[in-house]
Amino acid sequence: MADDVINYWNSHPEAQKVTQLYMGAFTRLDLPQNRTTSVQWMLGYIASHQELSGPDLHMHMPDFAANQLMLSYVLPWLRPDQKFLVTEFSLVLLWYQHLSDPVSPDFTSRYHLPAPLEVYQFINLALQNPVPDAEWRDFLKSCPWYLEQKEFLSNAYQLFRSTGRLGVANYGMLQSWTKALPFTAQSMPWLLNALFASATVKPRENGSSFENFPWGKEFTKLQAER
């Protein structure tokens, strides 16, 4: 398939002027067991084809250190002129580990919620009946495992840029969830990553979504620093 794409790209000079080719996407290469013969072959293929600008990485991790481990493995495979693309990145696997944690009693008491209440249960309540922005923010702030990572976007940006090999890094914008589906302890909590709380929080009077804490503010700050 990659050969066909490269052949098409080579035969269309106009495409070469407006596109770059990356190949992937690679996931969880922080784990030695995932650095298989097939993965090594693909990384070697990327390095050996001048038409390819580099590998495409999906860096959804259980902790921040895993990002560095993955980059430390991938970067030595790159040619000197290549960069890496981060189509997606997050700590969603860390959030997933805490879905069955109890919600803070202080939070449930303040908002007159049933107790005991687990994290996934409050998220499900908010998805079925969106809550005010202040309540959603207070919920997130009451989760120590979430609040401890409030500078994740800035830290990830600095890590990617510090390699000198970053092409582009993209980040999720909107929460996406179908109300007909319950959010359970086994649901992957992608919605905690989003820049805008478009599903769990009531919209503003003009219909726009509130920024998701803390990623909206972090993202705006990073854009200003560019």
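Axes are lines fitted to C-alpha atoms, for helices over the stretch in contact, and angles run from 0 to 180 degrees between N-to-C directions. Helices (H or I, at least four residues) and strands (E, at least two) are DSSP runs, numbered from the N terminus. This is a predicted model: local features need pLDDT of at least 70, side-chain atom pairs count only at pLDDT 80 or more, and totals for chains, interfaces and linings use all residues. Residues are numbered from 1 along each chain as its sequence is written, and side-chain values use heavy atoms, with hydrogens and water left out.

Start with the whole protein. It holds eleven helices and four strands. Its C-alpha trace spans about 65 × 40 × 35 Å along the principal axes. Of its 226 residues, 43% count as buried (under 20% relative accessible area, with a 1.4 Å probe and protein chains only; exposed is over 50%, partly exposed in between).

Now the sheet. Four strands form an open sheet in the order β1-β2-β3-β4, with parallel pairing; two strands pair if DSSP finds at least two bridges between them. β1 and β4 (166-169) are the edge strands, each pairing on one side only. On average, neighbouring strands of this sheet are turned by 25° against each other, direction ignored.

Look at β2, residues 52-60. Nine of its nine residues are buried. Six bridges tie β2 to β1 (residues 21-27) in the parallel sense. In one of them, Met 23 has Pro 55 of β2 as its partner. Five bridges join β2 to β3 (residues 84-90), again parallel. There, His 60 stands opposite Ser 90 in β3.

Helices pack on this sheet. Helix α4 (residues 65-74) touches β1, β2 and β3, and its direction makes about 160° with that of β2. Contact means heavy atoms within 4.5 Å. Helix α10 (residues 152-162) lies across β2, β3 and β4, running at about 160° to β3.

Last, a pair of helices. Helix α7 (residues 119-128) packs with helix α8 (residues 133-141) at an angle of about 165°, with the axes 12 Å apart. That makes α7 roughly antiparallel to α8 (over 145 degrees; under 35 is roughly parallel, 65 to 115 roughly perpendicular, the rest oblique). Which residues meet? Val 119, Phe 122, Ile 123 and Ala 126 in α7 meet Glu 135, Trp 136 and Phe 139 in α8. The residues of this contact divide into six nonpolar, no polar and one charged.

Note on methods:
Nonpolar A, V, L, I, M, F, W, Y, C, P; charged D, E, K, R; others polar.
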